[in-house]
Amino acid sequence: MKKQSVLPNWSDKTLLIAEDNETNFIVLSALLKNTQITIYRAHNGAEAIKTIDNHPDIDVILMDISMPDMDGIEATHLIKEKFPDKIIIAQTAHNLNIKREQMANEGCNDYLLKPIRLKVLIETLDKYLS
């Protein structure tokens, strides 16, 4: 019998998922449902900035790099100007060798490669939420 891992209880934490793809957002939300974390949603970088301005207590941002109107790299840069200590984890399906340096230069604390697996997602978030 396979041992089931216990998910952390993040009922006192908040997360912003900046993701334009509905399916990706639904998957991330479903993966995190049993952690009890409060989730906000932004469909593009401009919405992400507005959401952070309205909810500066958000603990972590999962930032899609490729979004319409304003991409995640520009949004990260602008958020970090205003909130330099905000934790931003880039999520991308792109070749990370191309984007990694640019993401780090703009202030991303970490990154996740799509498709995102539950174990990697939980371990990455746990580094910043524990």
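Where does Asp110 sit? Asp110 has its place in strand S5, residues 110–113, with strands (E, at least two residues) and helices (H or I, at least four) being DSSP runs numbered from the N terminus. This is a predicted model, in which local features need pLDDT of at least 70 and side-chain atom pairs count only at pLDDT 80 or more, while totals for chains, interfaces and linings use all residues. Residues are numbered from 1 along each chain as its sequence is written, and side-chain values use heavy atoms, leaving out hydrogens and water.

- Asp110 counts as buried because its relative accessibility is 14%; buried means under 20% relative accessible area, exposed over 50%, and partly exposed in between (1.4 Å probe, protein chains only).
- The side chain of Asp110 makes a polar contact of 2.7 Å with that of Lys127 and another, of 2.9 Å, with that of Tyr128.
- A polar contact here is a pair of N or O atoms within 3.5 Å; within protein, one must be able to donate a hydrogen and the other to accept it, and residues adjacent in sequence count only if both atoms are side-chain atoms.
- Leaving aside residues up to four places away in sequence, Asp110 touches Ile88, Ile89, Ala90, Thr124, Lys127 and Tyr128, where contact means heavy atoms within 4.5 Å.
- Tyr111 also lies in strand S5, and its relative accessible area of 31% makes Tyr111 partly exposed.

**Salt bridges**

- Side chains of opposite charge can pair when their charged atoms come close.
- How many salt bridges does the rule give? The count comes to 6, taking a salt bridge as a side-chain nitrogen of Lys or Arg within 4 Å of a carboxyl oxygen of Asp or Glu.
- One of them joins Lys114 and Glu19, at 2.9 Å from N to O. This pair links distant parts of the chain, 95 residues apart: Lys114 is in the loop between S5 and helix H5 (118–129), and Glu19 is in the loop between strand S1 (14–18) and helix H1 (22–32).
- Lys114 and Glu19 are both buried, and together with Asp64 they are linked in a network of salt bridges.
- Lys82 and Asp53 form another salt bridge, their closest N and O atoms being 3.0 Å apart. Here too distant parts of the chain are linked, with Lys82 in helix H3 (residues 72–82) and Asp53 in helix H2 (residues 45–54), 29 residues apart.
- Lys82 is exposed at 52% relative accessibility, whereas Asp53 is partly exposed at 33%.
- Within helix H5, Glu123 and Lys119 meet in a salt bridge of 2.7 Å, N to O; they are 4 residues apart, so about one helical turn separates them.
- Glu123 is partly exposed, with a relative accessible area of 44%, and Lys119 is exposed at 59%.

**Helix H2 and its two faces**

- Gly45, Ala48, Ile49, Thr51 and Ile52 are the buried residues of H2. They lie on the same side of H2 because they cover an arc of only 165° around the axis, the arc being that of the directions from the helix axis to the C-beta atoms.
- These buried residues pack against S1, strand S2 (38–42), strand S3 (60–64) and H3.
- Exposed Lys50 and Asn54 are carried on the face of H2 turned away from its buried side.
- Asn44 caps the N-terminal end of H2, with a side-chain oxygen 3.0 Å from the backbone nitrogen of Ala46.
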